[in-house]
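Visitor: I'd like a close look at one part of this structure, the aromatic pair and whatever surrounds it. Could you walk me through that part slowly?

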Amino acid sequence: MLQALMWCFMEILMSLRPILIHPDPRLKKACPPVADITDDLRRLADDMLATMYDAPGIGLAAPQVGVLTRMFVMDCEREDAGKNPTVVINPEITWSSEETGVYEEGCLSIPDIYEEVTRPERIRLKFTDETGAEREEEYDGLWATCAQHELDHLNGKLFIDYLSGLKRTLITNKMKKLKKERARA
């Protein structure tokens, strides 16, 4: 009960941000590194977490909310969302396993589309957190997939870029149609 009340209070302080839908040119741009951890950046991270949980999703990159900076948030605790929010600034994969895993990936910028993507099963990720602390964490399974998916966003790459040209075109056309429908509504 106390945790629920705290989360409600935090949501009041945070703002939901609109999520860009593919195709949008901002989703295809590489993001520059973050120079300083500021209060504005921490507010952005809080807003992104609130937006991600509201969507609902397990990861969200800054370019998806129209901010071209090297930051993403993630929380792959499906049973207990909000328990393990992670803010990742200036990420770099320092190691990845030769073993791969296949996950059906989706994306908040490509709603209702899911496709299998093969990625390294385990990675080591070096990054700065919202307090300015340098961290290096090893992730596997869904956490590794999510971190790689979000890092791709920071490099201007979408999960559909791993698919065949025909599938990419079909998905892009669906998203164009969705954007037109939403604009009319």
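Guide: Here is a walk from the whole chain down to the pair and its neighbours. A quick note before we start: this is a predicted model, where local features need pLDDT of at least 70 and side-chain atom pairs count only at pLDDT 80 or more, while totals for chains, interfaces and linings use all residues. Residues are numbered from 1 along each chain as its sequence is written, and side-chain values use heavy atoms, with hydrogens and water left out.

Let's get our bearings. The chain has four helices and seven strands (DSSP runs numbered from the N terminus: helices are H or I with at least four residues, strands are E with at least two). Starting at the N terminus, the order is α-α-β-β-β-β-β-β-β-α-α. Of its 185 residues, 42% count as buried, where buried means under 20% relative accessible area, exposed means over 50% and partly exposed lies in between (1.4 Å probe, protein chains only).

Now for the pair itself. The structure holds one aromatic pair. Its members are Y139 and W143, and they are stacked, at 5.9 Å centre to centre with 10° between the planes. The rule is that rings of Phe, Tyr and Trp (its six-membered ring) pair if their centres lie within 6.5 Å; planes under 30 degrees apart are stacked, over 60 edge-to-face, and the rest tilted. Both Y139 and W143 are buried.

Let's stay with Y139, which lies in strand β7. Its relative accessible area is 10%, so Y139 counts as buried. Who does Y139 touch, leaving out residues up to four places away in sequence? The list is M74, T86, E121, R122, I123, L125, F127 and A144, with contact meaning heavy atoms within 4.5 Å. Take L125 from that list: Y139 and L125 are 14 residues apart in sequence, and 7.6 Å separates them in space, C-alpha to C-alpha.

The strands come next. Strand β6 (residues 122-128) and strand β7 (residues 134-140) pair in the antiparallel sense over seven bridges; two strands pair if DSSP finds at least two bridges between them. Within this pairing, I123 has Y139 in β7 as its bridge partner. β6 and β7 form a hairpin with five residues between them, and G132 in the turn has a positive phi of about 95°. There is also a pairing between β6 and strand β3 (residues 86-96), again antiparallel, over five bridges. Here W95 has R124 in β6 as its bridge partner.

G156 follows α3 and has a positive phi, near 75°.

One last stop: the charged end of K157 sits over the ring of Y162, 4.1 Å from its centre. That label needs NZ of Lys or CZ of Arg within 6 Å of the ring centre and within 35 degrees of the ring normal.
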